[in-house]
Amino acid sequence: MFRQTPARSLVLIVTLAGLAAYASAGGFFAREIVIEIAILAILAISLDVVAGFGGMVSLAHGAMMGLSAYTYAIFSVKLGWPPLPSALLGVAASGIFGTLIGWITGRTTGIFFIMATLAFGQMAYTVFFKWRWLGGDDGLGGLSRFDLGGLGIKMGNSLTFALFALVLVLAVYVAAAWVLRTAFGRTLTGIHVNEDRMRALGVNTVMHRAQALGFSALLAGVAGVLAAQHVQYISPELLVWTVSGEVLIVVILGGLGTLIGPLLGAVIFVLLKHEISGYTNHWHIVIGLLLIATVLAGGRGIYGQVEHWFSRRPPPPAGTAEAHDA
Amino acid sequence: MDASFWILQFLNAVQFSMLLFLLSIGLTVIFGLLHFINLAHGALYMLGAYIGISAAAATGSFWAALILAPLAVMLIGAVLYFTLIDRLRGAGPMNQVLVTFGLIFVFLDLVRMGWGDVALGLSAPPSLAGTSEILGVKYPAYRLFIIALGLVIMAGLWITLARTQIGAMIRASVENGAMAATLGINVGRLFFIVFCLGCVLAGLAGVVAAPVTSATTGMGISILIPTLIVVVIGGLGSLQGAIAGSLIVGFIETFGAVLLPGFAAVLAYILLAAILVLRPQGLLPARGH
């Protein structure tokens, strides 16, 4: 079950404030890094909602993000709609895609669920890879950012866009935390812990899982619109399954089932990537070894481990005990 | 498109199916025995190709490479077994997926450090360099060799599983591990043997594929997905399932590439999704699954 502890709130505020300060003080490159962190963090929080609390480890989150980005491009570039309704449609498309995947795969669990999400994600990837109208494997450019000129906000400015991205991270975190604390979120954890018992209590577990994946996909859709507006260019590479695998690594490194851990994971992942790339181009081996070490150390991730050290109570169920049979 | 074109495609499909079979049989029996998911299996295939290329360069003989590379991959597999795999046996699928996913990254960079980031070729042995006449078409002799090798290994594994004592022990352990252990079968040691054999076959597939596809650092990841599809479609833990799954995926990918260019991959994924939803145990599952 999810608890928004004071420590988690503190870490959230300090991290976001730190990133905002880094973006303000640093140059263009620092702002690019902050935006990259924000996109990855939103996607990781989205994945943690289903993987950490529902036991549904999805390899389709990259595809959800990409579908949202492409839908945004279809309406804003191809059909000439304004950015805001296009963005909402992008997020909605991702949500519908997620709900459908959840509904079709409702009875599969464990490795079979992973394989099924992989299949649906790769189907979406192949469709956009081959669709010449949307540029195929060349991708599609000419996307625009939100026009907030009426409010005196210039989104073309890299600092403004970085701060906007951080606001979205906060909004996504608050939305995820709020949903996880409602009866809906508690039921999701209940299904993860003991599906038979929840079914005996009258819960339609297949529909509930589908709705949870749909909600998670909505959040992934936010990351998609942000990614599309950031570089103002999209390509099928957004959807490929290794993107989802990378996000899963971020969630595990940060702390599965902690919600704040994935944000920290995204910060560390992106900073490490750029730091290590400065010395060597073999940064995959570092991430691979980190991942193996994290799992062998108990699989709690960075935030989960710290929480584990400081808590006098037995470890919270969402992050630890369940993670092993997820 | 005359008959010879279709015969060529048919032979290509069979040849690709054989490679998929060599990779998937180890993966599926390992899963059947202890429900262990080894995503690094594709990385072992890649290592087989690169080690094979170096071995061929060092010894000057393709045939030496064909023996040495699988053995080297088996050694790597044994080291992996004692350092990681053995500890993860009871750790649940999630941790196994994550650790072996991490191993993919580690092996990827180790190969890039050792051999660089360029595609490396391996030439087929001189005795197999030409073409042969089969079913009225000219076909590369080396590809026929792959088909023959696959069939021989398939037959060998079939006889081993169906007719020998160790085969009976493996089948019993796949069907009901706890009962097999109670009857005095050392399931852990059996698992180690099967794991090593799976590594040998993955390494062998790597060397054998190198003259056809040439070795790249992406080959391990790109073969992993079709192999997993074969395993799931066929049914976890079963030899017949691996054979059927390899042929289905091999033919879908080869003929799909000819008839529906670009959408061959989608066909395989649609089949995978359909099987997962309608028949999650796979087409020909091992008993007990």
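Colleague: In this predicted model, how are α2(A) and α9(A) oriented to each other, roughly parallel or roughly antiparallel?
Modeller: Take the axes of α2 (residues 28-54) and α9 (residues 205-231) of chain A: they come within 9 Å and cross at roughly 175 degrees. Angles over 145 degrees count as roughly antiparallel. So the two helices, α2(A) and α9(A), are roughly antiparallel.

Colleague: And how many nonpolar residues does the contact of α2(A) with α9(A) have?
Modeller: On the α2(A) side you'll find I35(A), I39(A), I42(A) and V50(A), among others, and they meet a set in α9(A) including L213(A), F215(A) and L226(A). R209(A) and H230(A) are among the α9(A) residues there too. By class, 4 residues of this contact are polar and 1 is charged, while the nonpolar ones number 18.

Colleague: Let's go across to the other chain. Which helix of chain B gives the largest share of the side that touches chain A?
Modeller: Overall, 32 residues of chain B are in contact with 32 residues of chain A. On the chain B side, α4 (93-115), α9 (219-234) and α11 (264-278) each supply at least two residues. The largest share is 16 residues, and that comes from α4(B).

Colleague: What's the class make-up of the side of chain B that touches chain A: how many nonpolar residues?
Modeller: Start with the rest of that side: 4 residues are polar and 2 are charged. The nonpolar count is 26.

Colleague: Which residues of α12(A) make the contact with α4(B)?
Modeller: From α4(B), the partners include L98(B), F101(B), F105(B) and D109(B). The contact as a whole has 14 nonpolar, 4 polar and 1 charged residues. On the α12(A) side, the residues are H284(A), I285(A), I287(A), G288(A), L289(A), L291(A), I292(A) and V295(A).

Colleague: Now inside chain B: what do the buried residues of α3(B) pack against?
Modeller: Helix α3 of chain B covers residues 62-85, and its buried residues include F62(B), L68(B), P70(B), M74(B), L80(B) and I85(B). The buried residues pack against two helices of chain B, α2 (41-59) and α8 (187-213).

Colleague: Is chain B compact or extended for its length, and what is its radius of gyration?
Modeller: Chain B has 11 helices and 2 strands, in the order α-α-α-α-β-β-α-α-α-α-α-α-α. The globule rule gives 19 Å for 289 residues, and chain B comes out close to that, so it is as compact as a globular protein of that length. Of its residues, 51% count as buried. The radius of gyration of chain B is 19 Å.

Colleague: What is the radius of gyration of chain A?
Modeller: Chain A has 14 helices and 2 strands, and its C-alpha atoms fill a box of roughly 50 × 40 × 40 Å along the principal axes. For 326 residues the globule rule gives 20 Å, and chain A is close to it, so it is as compact as a globular protein of that length. The value for chain A is 19 Å.

Colleague: What percentage of the residues in chain A are buried?
Modeller: Look at the contacts between residues at least 6 apart in sequence: in chain A, 79% of them join residues at least 24 apart. Of the 326 residues in chain A, the buried ones make up 53%.

Definitions and conventions. Residues numbered from 1 in each chain as written. Chains lettered and ligands numbered in written order. Predicted model: local features only at pLDDT ≥ 70, side-chain atom pairs only at ≥ 80, totals over all residues. Contact = placed C-beta atoms within 7 Å. Helix = DSSP H or I, 4+ residues; strand = E, 2+ residues; numbered from the N terminus. Nonpolar A, V, L, I, M, F, W, Y, C, P; charged D, E, K, R; others polar. Buried ≥ 20, exposed ≤ 12 C-beta atoms within 10 Å, placed from the backbone. Rg over C-alpha atoms; globule rule 2.2 N^0.38 Å. Axes fitted to C-alpha atoms, helices over the stretch in contact; angles between N-to-C directions. Parallel < 35°, antiparallel > 145°, perpendicular 65-115°, else oblique.
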